[in-house]
Amino acid sequence: MIIHPRPFDHADAVKLNDQVQLEYAERYGDEGDVTPLAPSMFDPPNGLYLLAYDAQGRPVATGGWRSQERNAEGYSDGDAEIKRMFVIPEGRGNGLARRILAALEADARAAGRTRMVLETGDKQPEAIALYRSSGYTPCEKFGHYRTYESSICFAKPLR
């Protein structure tokens with residue numbers, strides 16, 4: 001697998017985003033994640049968006065981080081928020097999400113971010129297991145879904 005930085009609105013990123021939205025909709029019985037996201041939120045040095053490709057050049061995984069500062073949605077100064085972590089079903093179980101997560105953490109750390117945060121949901125046990133096994137611990141809820149009972153938020157110091 002080869003991991004490349006790509007814009008959030010790159011055709012392959014859009015394709016995988018559409019797939020993850022369908023999975024969210026299926027798991028939660030809704031329209032998917034409606035958190036407002038703009039491609040510029042992932043522009044370095046204030047963010048990064050990664051796409052992983054298989055040996056045939058097909059996009060198989062994605063993930064990004066964006067800078068956050070203290071605000072009314074519960075973020076703290078220095079936060080880097082993980083967004084759109086996703087591996088297509090055929091690519092799961094090969095450690096790809098873990099590789100993308102580590103690359104995102106390293107980049108956010110190099111950009112001076114002090115804490116990595118993320119929001120997931122209670123119907124994503126695979127994601128919860130990945131984050132817990134990668135050193136993330138539950139934290140106070142933040143972000144678009146902070147008032148939802150199904151929302152689970154995690155954080156990990158980057159320093």
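Predicted model: local features only at pLDDT ≥ 70, side-chain atom pairs only at ≥ 80, totals over all residues.
In helix α1, the residues Ala 13, Leu 16, Asn 17, Val 20, Gln 21, Glu 23, Tyr 24 and Ala 25 are buried, where buried means under 20% relative accessible area, exposed means over 50%, and partly exposed lies in between, with a 1.4 Å probe and protein chains only. What covers these buried residues includes β2 (47-53), β3 (59-68) and β4 (79-87); helices here are DSSP runs of H or I with at least four residues, and strands are runs of E with at least two, numbered from the N terminus.

Residues are numbered from 1 along each chain as its sequence is written, and side-chain values use heavy atoms, with hydrogens and water left out.

Staying with α1, its 18 residues, 11-28, should span 26 Å at 1.5 Å a residue, and the end C-alpha atoms are 26 Å apart, which agrees; the expected span is 1.5 Å times one less than the number of residues. Just after the helix, Gly 29 takes a positive phi of about 65°.

Further along, in the loop between α1 and β2, we come to Pro 45, and the peptide bond from Pro 44 to Pro 45 is cis, with omega near 5°. In strand β4 sits Arg 84, which has a positive phi of about 55° although it is not a glycine, and Arg 84 counts as buried because its relative accessible area is 6%.

Let me turn to the aromatic rings. The structure holds seven aromatic pairs, where rings of Phe, Tyr and Trp (its six-membered ring) pair if their centres lie within 6.5 Å, and planes under 30 degrees apart count as stacked, over 60 as edge-to-face and the rest as tilted. One of these pairs joins Tyr 131 and Tyr 136, edge-to-face at 5.8 Å centre to centre with 65° between the planes, and both Tyr 131 and Tyr 136 are buried. Another is formed by Tyr 145 and Tyr 148, also edge-to-face, at 4.8 Å centre to centre and 70° between the planes. Finally, Phe 8, Phe 42 and Tyr 49 form one aromatic cluster.

Terms used. Contact = heavy atoms within 4.5 Å.
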